[in-house]
Structure formats: C-alpha cells, structure tokens
Amino acid sequence: MNGLEQFKDRNVSQNYYRVKIEPYPKTPWERFKRVVRRSLRLELFVGLKITLMEMLRFKIHTIQYPKEKLPISPRYRAVHKLLRLLESGNERCIGCGLCEKICISNCIRIDTRPDENGRKIPTEYTINFGRCIFCGYCAEVCPELAIVHGQDYEHASEQRAQFALKEDMLTPLDKLKEQKEYPGFGAPTPAADKLIKKTPLAY
Amino acid sequence: MVKFYIDGKEVVANRGETILQVARREGIYIPTMCYLSKVKPIESCRLCVVEVEGVEGFVLSCQTPATPDARITTDSKELYEHRQNIMKLYDVNHPLECGVCDKSGECDLQNKNLEFRVDSQEFSARDQYRPIQDWNYLQYDPSLCILCEKCVHVCNEVIGDDAIEIEYGGYKSRIIPKDAETLDCTWCGECVAVCPVGAFISKDFKYSANAWELDRIPAACAHCSASCHLYYETKHSSIENPEPKIYRVKNEFEFETLCGAGRFGFDFENREAKKDEEAFKRAIEAFKRADTIKFTSFITNEEALLLQKMKERFGYRLVNDEARAYQRFLENFSQYSGKSLYTPSLYDIEDSDFIILMGSFISSDNPAVRYAMTVSQKRHRSEIVNFHPVEDDLLKPVVTKFVKHEVGSEEAALSMLVDILCDEDAKKRAGKEWLESFDIGYLSAESNIGEEEIEDILKRLKMKKRRGAKRFTLILGEDLYTHPRAENLAKLAGLVDRFSEFDVMLIPPKTNTLGVALICDLDEEEGEFSIGYNQKGDFTLSALGDGDLDMPALNQQEGTFTNIDRRVVPTNVALPYEGYVLNDIAKELGVSDKEYTIEYTKELPKEKGYKEIEFDELDNEFLNDGTEKRGYELEIKKVNLSRKNIEPIEELPEFNGTVIYRCEPVLQFSPFTNKAHQLRTKGKLYASETFLNDLGLKEGDKVNIQKDNITISIEVERDGFIASGAYLGRFDKNIDTESLFKDYRFTEVKIQKV
Amino acid sequence: MESAFVIETIIKILVVLGLFSALAGFATYVERKVLAFMQRRLGPMHVGPWGLLQVLADGIKLFTKEDFIPQGANRIIFMIAPVITAASAFIAMAAIPMFPEFTIGGYTVRPIISDINVGLLFVLGVMAIGLYGPLLAGMASGNKWSLLGAARTAVQFLSYEVVTGLSVLAPVMIVGSLSLIDFNNYQAGGISNWLVWKQPVAFILFLIAGFAETNRTPFDLLEHEAEVISGYATEYSGMRWGMFFIGEYANMFTIGFLASLIFLGGFNDLGFIPGAIAILLKVFFFIFLFIWARASWPHIRPDQLMWLCWKVLMPIAVINVVITGIVMMF
Ligand code: SF4
Ligand code: SF4
Ligand code: SF4
Ligand code: SF4
Ligand code: SF4
Ligand code: FES
C-alpha cells in the first residue's frame with residue numbers, strides 16, 4: 001500500500017489556482033475577434049494535445065478497489081466497535097444509555113439489567129446501520145470510551161434495516177491484544193491531564 | 001393574612017404558611033433538597049435559606065412563617081455561594097456513578113450540582129465501607145444517600161409504619177430499619193418515591209430502564225376505591241419485543257401517597273387478548289340467552305353505564321352483591337342524613353381532630369384512609385378510635401384508642417356511639433322503640449365493650465373540643481354493609497351524620513363500588529343464565545384472561561372511576577389491548593351507538609351528581625400548592641328524610657368456636673394485584689400468633705377449613721401485623737373463599753389440620 | 001453466374017454484418033480504454049485480461065435485459081425505431097468498396113456488395129434515412145426528454161445533411177463521378193494525388209459534418225445526459241438500445257470509410273503498405289479521432305450548433321463549390 005499513502009494527503013488547498021476568465025465579448029466585433037483569435041491560436045488542438053500526451057505518459061491513478069484499498073484515517077467514522085477494558089477484558093459499556101439518547105437517527109437500542117455482582121450490564125446492544133448516519137455523537141458522548149467507530153466501512157447490504165448485535169461489535173476476548181484505542185470523537189485530548197482539576201483525598 | 005414581599009413581589013400568606021409554601025404557590029423558585037410538602041419541614045439541607053431585610057444572617061424559608069411586610073430575597077451572591085458549598089459537601093465521597101444510577105436524569109443532586117455549577121471539589125472526608133442493603137422490594141445504597149431524611153419522615157408521618165430511622169455517626173450515618181435486623185414493613189415504596197437521589201430504589205426496576213426513556217401515562221390506580229393518581233411508565237419490552245411494557249409506577253409524591261399494591265402491582269394487564277371472532281359470536285349468543293349479568297366493581301363508570309343501558313333495553317338483572325350492599329347502605333344512610341352522599345374526603349380526614357373508625361380492617365381495606373389518619377395524627381395529634389374485633393398492629397402507632405368488640409356486635413357499638421354523640425332530641429328521632437331497646441348494660445356485656453371505655457371516649461372527645469377541635473369524622477367500613485342488620489346500621493349512621501358534629505364517611509369496598517352503586521340499578525337475585533364479568537358466570541367475560549371472552553384490564557382502558565373522595569377521576573390507556581371491549585358487545589347488541597367507551601363520560605346520570613363533561617376535558621394534575629385538579633367532585637343532593645322510626649336493637653348474634661375474617665393481606669386487593677409479577681403469591685390462611693396457639697397450628701401447616709358442606713384446603717401463614725384472629729383473602733382466584741362468606745365478613749368455620 | 005452472384009452477395013452481406021457488428025463492439029472497448037487512458041484511468045479491467053471480454057459481458061447483458069415498452073409509448077413505432085437506425089447504418093455500407101479486389105481460388109471478389117454508379121449519393125441518402133430512428137424513437141416514447149431529443153435530432157441531422165452534401169460536391173465535380181470506386185481510382189497515383197490536397201476545405205467541412213451526423217462529441221446533443229437524460233433513448237434498454245448503439249458505431253465506420261475513400265486515397269497501396277491495410281489504418285485513424293475529440297472537447301450548445309452550420313459551414317461550403325467551379329472552368 002506504500003504507493004497509496006500519498007493519497008492520504010488531504011491537504012491539497014495550496015495547489016489550487018485561480019482560473020483567469022477573460023471578459024465576455026459584448027459587441028459583434030468583439031465576438032468576431034474572439035473567433036479569429038481562438039481559431040488562429042488553434043485552441044482546439046491544444047486540448048487534443050493534452051489528452052494525447054496524458055495517454056502517452058500513461059500515469060494512471062486508478063485504485064483497483066476492492067483488490068487495493070486506500071488506508072483511512074484512524075479517526076474515520078466507520079462501522080462501530082464496542083471495546084473492552086484492556087487489563088480485565090470486561091466490557092467497557094456500563095449501559096448508561098447516553099448513546100441511545102443522543103443518537104440523532106434513533107438507531108441504538110440497549111437492554112440492561114443487573115448482573116450476578118449487582119452491576120449494570122447491557123445484555124444486548126444493537127445499532128441499525130441502515131439508519132445510522134455515522135455522525136459520531138455516540139462515540140463522543142460515551143463516558144467509558146466503550147462505543148467507538150471502527151475502520152470497517154464495507155457494509156453495503158441488500159436490506160434497509162441492517163442490525164449489528166453486541167457480539168458483532170464487541171472485541172472478541174482472544175483479540176483483546178489487538179484492540180486499538182480510538183483517537184477520534186470522544187477520546188481524551190493529549191493535554192487532558194493538565195486540564196483536569198483533581199479532587200482532594202482524605203488519605 | 002400576612003402581606004409581605006418576595007423578590008419585590010407582593011404576596012399574601014395564610015395563617016401559619018411558611019415563606020417557602022407561599023413562594024411555591026406563587027411560582028417563585030427557592031431551591032430545596034429536603035423539603036417534602038406532605039410532611040413537616042425536615043430542615044436537614046439548609047438549601048432553602050433566604051435573606052430577610054433587617055435580619056442578621058440567613059433564614060430557613062421552609063420553616064419560617066412570614067412576618068408582615070418582610071422583604072425577602074431568594075437569590076444573591078452570598079446565597080449562591082452558600083448553596084454551592086452545601087452542594088459540594090453533598091458531593092464529598094458521593095460515587096461518580098450517574099452512568100448506572102437509576103435516578104440519573106431525574107436526580108435532585110445532579111440537577112442542583114448543575115444549577116450551582118459545582119465543577120470542582122475542595123472538601124474531602126475519609127470514605128467508609130457502606131454496603132448496599134437488600135430489603136425485599138427495595139434496595140438501599142448508603143453511599144448514595146444524602147441523609148435528607150425524607151424517607152424517614154414519610155414513613156413515620158404519612159405511612160405510619162415508622163419502619164426506618166437514621167443511624168447517626170457522622171460520615172457513617174445511614175438509614176436503618178427501626179428496631180429490627182431487616183426491614184419488615186407494608187412495602188408502600190413511598191421511601192423510594194421521595195428519595196431525591198438513587199439511594200432508595202425499587203429492586204425490580206433497578207437497571208432496567210433510564211428515566212428519560214420512559215413514557216409517562218397519567219392514570220388512576222385501579223386497585224382500591226382511593227383511585228390514587230399515578231403514572232404508569234412504559235417502554236418497549238426489549239430489543240426483540242417492541243410491545244410496550246410498564247416498567248414502574250410513579251406518583252406525585254409531594255402531595256399524595258401510594259400503597260405498595262399500587263406501586264408494585266402494575267402489570268395486571270390482559271396481554272394475550274386477541275380479537276377472537278368465534279368467542280365474540282358466542283358472547284353475543286350468550287347475551288341473547290342470558291337474563292343476568294354478574295359483575296364486580298373493577299370496572300369504569302362508563303362500563304357501568306353500558307351495563308345499565310343493557311339492563312334498560314333487555315331487562316337483565318344486574319347482580320353485584322358487594323355493590324348492592326353498599327348501595328342499600330348508602331340509600332338508608334341518605335334517608336336519615338338527608339344527603340345523597342357522604343361528605344368527608346381524605347383531605348377532611350387529614351384535617352380531622354377526632355376520628356372514629358368502625359367496621360373496617362383499614363390497613364388492607366383502604367391504605368389511603370390509613371395514611372390520611374396517620375397524617376391527621378402526626379400533624380395535629382388527633383384522637384383516633386378504632387372499633388374492631390381484630391386487633392391491627394399496623395394501626396398501633398396512630399390509633400389512640402382501640403376498642404375490641406365481639407364479632408357481630410356492630411349494632412351495639414354504633415348504638416352506644418349514637419348514645420354519646422347525639423343529643424336527646426336526636427335520639428328521639430330514632431324512635432321510641434329504639435330508645436326502649438337501648439339497654440347499655442346488656443349491650444356492653446354482650447359486645448364486650450365496657451361502659452368505661454365509652455366514657456373514656458366521651459372524655460377524650462370533650463377534651464378535644466375544649467382545645468378547639470373543629471373536625472370530627474366517623475369512618476365506616478365494609479363489615480357494616482355486609483352485616484345482617486346493615487339497614488339499621490345505615491340509619492344510625494345517618495343519624496350521627498345529621499345530629500352530631502361528626503361527618504360520616506362510608507368507605508367504598510372496591511375500586512368503583514361507589515360508581516356502580518350510583519349508576520346501576522342492582523338486583524338481588526340471580527336468574528337462570530348469567531353472564532359473568534370478572535365473575536364466574538355461565539358465560540364469562542374476564543380481564544384476567546381466564547374467561548370465555550377477553551376483556552381489557554383497567555390499565556388497558558380509558559374511562560373514569562368514582563373514588564372515595566366522591567371524585568370522578570380519569571384514567572388512561574397504559575398498554576395496548578387487541579381484543580374486544582364491552583362497548584363492542586353493546587354495539588353489536590344495538591345498545592351503544594358510540595365508537596369509544598369514553599364518549600359515555602358526559603352521559604353519566606346527572607341526577608346522581610355527575611356532570612356533563614367530556615372525558616377529554618377532565619383535568620388530571622396537581623397544582624404547585626398541592627391542589628388536586630382531577631376530574632370533578634360529585635354534587636351532593638338533598639334527600640327527603642324518612643319519617644320511619646329506627647327498628648329496635650336486635651339481640652346480638654352469637655359467634656362461637658372458630659371465627660375467621662374476610663380481608664386481603666397487605667399488598668393484595670384482588671386477583672388483579674395477584675397477577676402482578678412482584679406481588680404474585682398463593683392464597684393462605686393468615687393467622688395471628690394467638691390464633692395459631694389456640695388451634696395448635698404452626699406456620700406452614702396445611703389445614704382444611706370447613707363450613708356446611710364446603711371444604712377448603714389451604715396453608716397457614718403467620719401474620720405478625722394482627723394481634724388476634726385469622727383471615728382469608730379473595731385475591732387468589734384458585735381458592736374459592738367466596739362461598740365461605742355469603743354475607744357477613746366474619747364466619748364460623750371448623751379448622752382441621754391435615 | 002447468376003446463382004454465384006447471389007451466393008457471393010449473400011456471403012458479402014453476412015461478412016459485412018458480422019464484421020461490423022464485431023468491430024462496433026470492439027470499438028466500444030477501444031473507446032473506453034482510450035478515454036480512460038486520456039483521463040489517467042484504467043478503464044475496464046475485471047472481465048478478461050485488461051478487461052478485454054468486457055464487450056462480451058456487455059453483449060450478454062444487453063441481450064438478457066428485460067425488453068420493456070413504457071405504458072404511454074406508441075408500441076409499434078417504439079419497437080421499430082431502433083431497427084431503422086441499425087438497418088440504415090448497415091445498408092449504407094452496401095455501396096462502399098471496402099478493399100481492393102482480390103481472388104480466392106481463381107474467383108475474383110470485389111469487396112463491395114453493390115457497385116452502383118451513384119454510390120456516394122446512395123450512401124449519403126441512406127445515412128440520412130437513419131435520422132428517422134432517433135426521431136421516431138423520441139416521438140414514440142411518450143417522454144418529455146425523448147421528445148426534446150427527437151426535436152434536436154431533426155434540426156441537427158437535417159442541417160448537417162446540407163453541409164455534408166455541399167462539401168462532397170466539390171470533390172464530385174473534380175472526379176466527375178458519383179461512384180466511390182471512381183473516387184478511389186482517381187487518387188491511385190499516391191499520396192500527392194489525394195483529393196485532400198486539392199480540397200482541404202471540403203475535407204474539413206466533411207469531417208465536421210461527419211461528427212454531427214454520427215452524433216459524436218462535440219455534437220452529441222441528441223442524448224446529452226446533463227440536459228435531456230438520454231434524449232431519444234431515455235426509455236430504451238436492452239437490445240433495442242443496443243441497436244441504436246451499434247448503428248452509431250456502424251455510422252462511425254461508414255464515415256471513416258467515406259472520408260478515406262473520398263479524400264485520403266481510398267484503398268490504393270500506400271508505398272509499401274498494401275491497399276487493404278492502408279484503408280484500414282485510415283479508417284482506424286478516423287475512429288481514433290472521434291474518440292480523441294470526445295476525450296478532449298466539451299460539447300456545444302444547440303444554438304451554437306445551428307449557428308455553426310448555417311452561418312459558418314454552409315457559406316464556406318458554397319464558396320468552396322463556387323471557387324472549385326471557377327478554377328475548373330479556367
Ligand atoms: S454515529 Fe450517530 S447516528 Fe450512528 S449510532 Fe452513533 S449517534 Fe447514532
Ligand atoms: S454511552 Fe457508552 S457506556 Fe453508556 S450505554 Fe452507550 S456505550 Fe455503554
Ligand atoms: S444519586 Fe444522583 S448524583 Fe448520585 S450517582 Fe445517582 S444520579 Fe448521580
Ligand atoms: S416501603 Fe413504605 S413502609 Fe416500608 S420503609 Fe419505605 S416508606 Fe416505610
Ligand atoms: S435514602 Fe434517600 S430519602 Fe432517605 S435520607 Fe437518604 S437520600 Fe434522603
Ligand atoms: S428545605 Fe429547608 S432545610 Fe431543607
């Protein structure tokens with residue numbers, strides 16, 4: 001994919017240039033002059049030359065998707081993932097329901113109940129990707145960094161409603177080591193530690 | 001009347017009103033954490049402080065009555081900082097667990113922290129180990145508790161259980177069961193309702209939904225005649241099942257109180273019902289054949305009107321024994337009191353200075369009346385006298401005098417009351433025969449009510465009157481309506497109402513007994529072929545889902561009830577219902593031409609005091625100052641007095657051997673409460689310790705109860721709330737207790753251990 | 001002799017039909033590839049090596065697609081309109097001598113289906129008939145876009161027919177014949193004998209008109225997506241649409257052959273290159289030119305198109321004819 005890295009550079013604005021547009025001819029005389037000028041300068045052939053040269057140079061930009069794929073930004077907002085705690089492997093989601101509440105397309109639903117230890121757990125967590133608009137609000141609001149956006153953007157389907165269940169999104173226990181922290185929406189900023197006021201402790 | 005100013009606005013206080021009460025009535029905001037309108041000021045939070053011009057320091061607005069022309073400021077920089085600091089102190093060691101807390105979204109602590117912009121903490125204290133307590137329906141988490149004491153006060157001042165108290169200990173302070181290892185109370189759940197944070201919660205609801213997800217449906221409780229205002233809170237059942245389900249019940253806890261059955265017994269809906277056309281056809285056939293409709297009073301006014309219309313059209317006999325007994329009692333009562341209805345409401349009971357209760361096991365018959373009595377007792381130390389054969393320990397904290405009488409001697413008791421409460425003139429109205437038959441020595445001996453007890457009551461009454469008591473209430477219950485001498489009892493009650501300072505209240509035994517009694521012409525005798533509505537009949541319509549045709553339960557219906565306050569209160573549909581309703585049958589029979597049952601709300605009989613108001617026009621709310629705006633009150637009409645004399649007192653009936661009582665255990669009212677998943681239980685014979693000892697029984701024994709040729713096998717359970725006797729309930733539809741109690745609520749039986 | 005002639009003609013017809021259908025298909029592939037390369041793309045890549053079998057895949061697709069006729073359409077006309085386009089395109093080829101004569105097993109084959117002495121007129125005439133295809137299709141579809149496309153067809157084809165006719169008039173005057181074989185023979189003397197040198201203006205005019213007649217960019221107004229969806233073909237799909245498509249490509253070849261024959265020395269040997277190859281090269285140059293122009297130029301507005309035709313090209317063509325006449329007189 002190395003060669004493709006260049007396309008990640010979205011910062012292209014410095015290469016823009018302004019097209020000079022000459023004033024529009026108003027009188028017939030001016031129009032005639034323009035015809036003559038254009039004919040003599042053989043502008044049509046300039047066009048032909050450019051295309052021909054491009055063909056001969058053969059500098060092809062096509063990415064052969066799905067054989068080749070462009071790398072995406074780590075902050076890209078693709079299909080969601082539910083993360084686990086790195087040390088214990090417990091699910092991060094505490095079932096607070098904030099994501100469910102904030103979701104503007106109303107496509108998250110969770111069922112919660114107390115588990116054996118009396119802690120609140122989401123027994124089921126679904127997102128309807130047929131309705132999700134990948135706005136990232138859920139990831140931003142989540143106090144536990146539990147629901148985040150993943151990198152998997154290939155989820156075309158034949159049906160409008162397309163549900164992902166908890167087991168589809170949750171990091172499998174054996175893949176815990178590969179779980180990556182999401183740097184996008186809702187993640188703490190690098191300077192977060194400095195901004196936080198600490199609560200005093202009595203001991 | 002005191003005129004003063006809050007934030008420059010001129011306001012007027014009634015006598016005894018505090019600054020906070022006036023402010024709330026006027027819609028001026030003063031933050032509080034511990035204030036609960038229905039109890040006395042608790043004064044634990046100090047958030048309600050205000051500044052009074054010319055007064056040093058802050059003043060607690062929740063307990064300070066206004067002084068004339070005082071100028072009060074509710075907000076200033078100092079007040080803000082003071083309050084902010086209080087909030088910070090509340091936050092010390094408060095777990096950061098809003099994410100999972102049940103209260104999140106409706107938590108006073110959350111709200112006030114936000115209001116006072118608490119974003120950092122300077123205070124700290126050593127944290128304590130405070131484990132979560134698990135108390136049957138409830139859970140208590142001391143680390144979330146802010147010790148506002150609302151729960152303690154409501155339990156003591158309103159419920160009357162006095163089951164919890166504060167254990168003081170600085171940062172270790174917490175709520176504990178009073179004088180007990182673990183909590184054993186009537187499980188009203190009112191402590192959960194009033195708790196401003198997530199410390200007291202319902203175990204069943206815990207972690208199942210968030211406050212903001214639930215839809216609130218204002219309704220009236222369908223279990224007893226108080227028809228308390230409540231909200232059913234619904235949400236989809238689960239991800240797989242989008243059907244709505246009731247998750248919990250909430251109430252306007254500032255102003256009114258629910259009992260445990262209302263709070264925890266909410267899922268009694270007829271869920272499975274479908275439009276079964278075959279069954280419907282059979283039902284229509286049955287209606288064409290039938291000559292009787294038997295029903296209970298767990299119906300709405302509109303349904304009662306439909307039944308009445310059917311009767312008028314097809315001549316059905318409407319049979320409803322309990323409502324019929326009440327109806328007759330009310331009729332006889334009116335003929336001697338001159339009023340079509342009784343006058344007192346629950347508010348009047350709360351305001352009463354002297355209350356006499358007779359013929360009702362009130363803590364299970366009608367908890368709302370019990371709470372009202374508790375309030376009156378705690379608020380102004382009212383005198384409460386209870387006449388009953390069964391001693392109810394639950395009433396101990398409120399009842400100031402308990403008079404235990406023999407079973408069946410209510411006539412004697414009421415006569416003795418008439419004797420002391422009414423003047424000579426009134427007694428003469430009762431008639432010569434009655435006066436002659438009034439032999440206090442005999443009555444006292446037979447009923448076991450000592451003359452000195454009656455004198456004691458008189459003494460207490462005189463004392464109260466000397467202290468300026470104004471309101472007196474006599475509350476009568478179902479024992480009297482079912483009594484063989486009910487007619488005479490009703491007349492005596494009418495006399496009391498008319499000729500003494502006592503107002504008489506007749507507690508309607510079931511949810512809409514009063515409504516049914518007013519709307520339907522009831523018959524005594526059953527015919528040959530009967531339709532049963534929530535009753536066993538030859539063809540049964542049932543909202544419990546066990547009949548021949550399904551009917552909607554009362555949380556699936558809209559309509560009105562006529563409650564104990566003589567108020568017509570609306571209730572709404574909390575859960576969907578797919579089957580047929582009574583109106584469908586009425587339409588098919590050509591009786592009804594309306595699409596919806598509630599179109600009958602405005603047609604309820606005006607001559608009985610109902611008003612011509614559309615269902616959708618009925619209010620259903622409480623105002624800021626606690627004014628109840630629900631539906632409307634029935635108009636009380638004048639009734640022509642009867643000129644007949646009251647019959648002489650009969651010889652008192654004798655009840656020998658084993659006598660059991662008919663009443664429901666606390667938290668149960670009917671098969672509907674027993675259908676709710678939290679309350680579901682098996683019917684038992686509930687017996688007091690003494691009863692068990694007398695018969696040589698112990699808890700868990702199986703016994704056969706025999707009467708005439710009826711035998712019922714049942715398990716025995718010890719009920720710690722009664723000091724004597726035993727009782728059977730009707731809430732378990734699998735046990736046919738009905739046949740044991742044909743009329744009176746007491747019956748003689750044989751009990752054998754098996 | 002008669003039956004041999006019939007068999008020969010039938011074979012020739014079949015060869016022309018088959019060959020040009022295949023060529024049309026191949027031309028689509030070439031067009032896509034060339035366009036892609038000129039735009040720094042790869043074009044079809046997935047079906048076969050370098051997407052070579054894409055044509056096949058498209059063919060299969062076109063054949064198997066549902067053939068439906070919209071409710072509001074005039075069924076019969078709607079159904080035969082594409083046939084007119086395809087048929088006229090192939091019929092026009094009947095009078096075109098494609099290659100020099102050759103002998104197979106002593107039998108001399110003349111690679112022209114019918115050498116009529118007014119060959120040029122025939123070709124132009126039949127090609128002009130082709131305009132009925134889009135015209136009728138557009139009017140029969142019962143669709144506003146189609147109708148607009150049809151209207152554009154009428155003005156565009158009619159106008160440019162004039163320019164085509166006038167532009168070839170001058171070469172015809174010089175050669176003195178309407179048979180295309182005569183044209184070919186007239187230029188037999190090598191590159192210097194090509195008519196293009198004598199009639200450069202006519203050549204350019206003919207080429208421009210050719211673009212217009214074949215409905216190619218920059219004159220593809222009939223079915224310009226941005227303006228009229230797909231013009232007259234909006235309602236067409238499957239093989240019916242395919243016939244329009246084949247017709248267009250067949251016309252490209254016809255124009256290619258005509259231009260080669262009239263102006264660029266036809267199938268005469270070109271130095272060491274044998275005549276058959278030479279004409280193929282010339283034809284393919286024109287095909288490439290069509291594609292190349294499509295990749296390079298934007299299309300023009302209908303009013304500009306008309307302006308160009310009536311106010312520029314036609315006067316020039318007339319002047320060209322007059323000057324040619326004057327030169328020939330003296
Ligand atoms: S990304 Fe936006 S729309 Fe999608 S689930 Fe999250 S909050 Fe809802
Ligand atoms: S916001 Fe986060 S922790 Fe809360 S329910 Fe959603 S995923 Fe779970
Ligand atoms: S009690 Fe209130 S502040 Fe405390 S955790 Fe619960 S919601 Fe949050
Ligand atoms: S449930 Fe009711 S009776 Fe029991 S402790 Fe709470 S308030 Fe008191
Ligand atoms: S449990 Fe709730 S109501 Fe009771 S003291 Fe604690 S915070 Fe107050
Ligand atoms: S409200 Fe007055 S002290 Fe709490």
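This report describes a predicted model with chains A, B and C and its ligands.

## Basis of the description

Residues are numbered from 1 along each chain as its sequence is written, and chains are lettered from A and ligands numbered from 1 in the order in which they are written. Because the model is predicted, local features need pLDDT of at least 70, side-chain atom pairs count only at pLDDT 80 or more, and totals for chains, interfaces and linings use all residues, while side-chain values use heavy atoms, with hydrogens and water left out.

## The build of chain A

Chain A contains six helices and five strands. Helices (H or I, at least four residues) and strands (E, at least two) are DSSP runs, numbered from the N terminus. In that direction the order of the elements in chain A is α-α-β-α-β-β-α-β-β-α-α.

The radius of gyration of chain A is 27 Å, whereas a compact globule of 203 residues would have one near 17 Å. This radius is taken over C-alpha atoms, and the globule rule is 2.2 Å times the number of residues to the power 0.38. Along the principal axes, the C-alpha atoms of chain A fill a box of roughly 90 × 45 × 35 Å. Of the 203 residues in chain A, 30% are buried; buried means under 20% relative accessible area, exposed over 50%, and partly exposed in between (1.4 Å probe, protein chains only). Chain A exposes about 14900 Å², and carbon and sulfur atoms supply 56% of this area. Accessible areas come from the Shrake-Rupley method with a 1.4 Å probe, and for residues only the protein chains shown count as cover. Among contacts in chain A between residues at least 6 apart in sequence, 74% join residues at least 24 apart, where contact means heavy atoms within 4.5 Å.

## How the chains meet

Two pairs of chains are in contact, and chains A and B share the most contacts. Chains B and C do not touch, and their nearest C-alpha atoms are 40 Å apart.

The contact between chains C and A takes 16 residues from chain C and 16 residues from chain A. Together these two chains bury about 1600 Å², with 69% of it on carbon and sulfur atoms. Arg40(C), Trp292(C) and Trp297(C) supply 40% of the area that chain C buries against chain A, more than any other three residues. Buried area is the accessible area (1.4 Å probe) that two parts lose on being put together, summed over both.

## Surroundings of the ligands

A residue is near a ligand if one of its heavy atoms lies within 4 Å of it. Ligand 1 is surrounded by 13 residues, and the closest are Cys103(A), Ser105(A), Cys132(A), Cys135(A) and Cys138(A). The shell around ligand 1 has nine nonpolar, four polar and no charged residues. In these classes, Ala, Val, Leu, Ile, Met, Phe, Trp, Tyr, Cys and Pro count as nonpolar, Asp, Glu, Lys and Arg as charged, and the others, Gly among them, as polar.

Around ligand 2 the residues include Cys93(A), Cys96(A), Cys99(A), Cys142(A) and Glu144(A); this shell has nine nonpolar, two polar and one charged residues. Ligand 3 has residues of chain B around it, among them His94(B), Cys98(B), Cys101(B) and Cys107(B). The shell of ligand 3 divides into seven nonpolar, four polar and one charged.

Most residues other than glycine have a negative phi, and most peptide bonds are trans. A cis peptide bond, with omega of about 5 degrees, joins Tyr65(A) and Pro66(A). Pro66(A) is placed in the loop between helix 2 (43-57) and strand 1 (80-82) of chain A.

Asp7(B) is not a glycine, yet its phi is positive, at about 50 degrees. Asp7(B) is in the loop between strand 1 (2-6) and strand 2 (9-13) of chain B, and it counts as partly exposed at 41% relative accessibility. Tyr207(B) also has a positive phi, of about 60 degrees. The loop that holds Tyr207(B) runs between strand 10 (200-202) and strand 11 (215-220) of chain B; Tyr207(B) is buried, with a relative accessible area of 8%.

Tyr371(B) is found in helix 12 (residues 367-380) of chain B and is buried, with a relative accessible area of 4%. Tyr371(B) and Ile159(B) are 212 residues apart in sequence and 5.1 Å apart in space, C-alpha to C-alpha.

His229(B) lies in strand 12 (residues 229-236) of chain B and counts as buried at 0% relative accessibility. Beyond residues up to four places away in sequence, His229(B) touches several residues, including Pro218(B), Asn251(B), Phe622(B) and Arg630(B).
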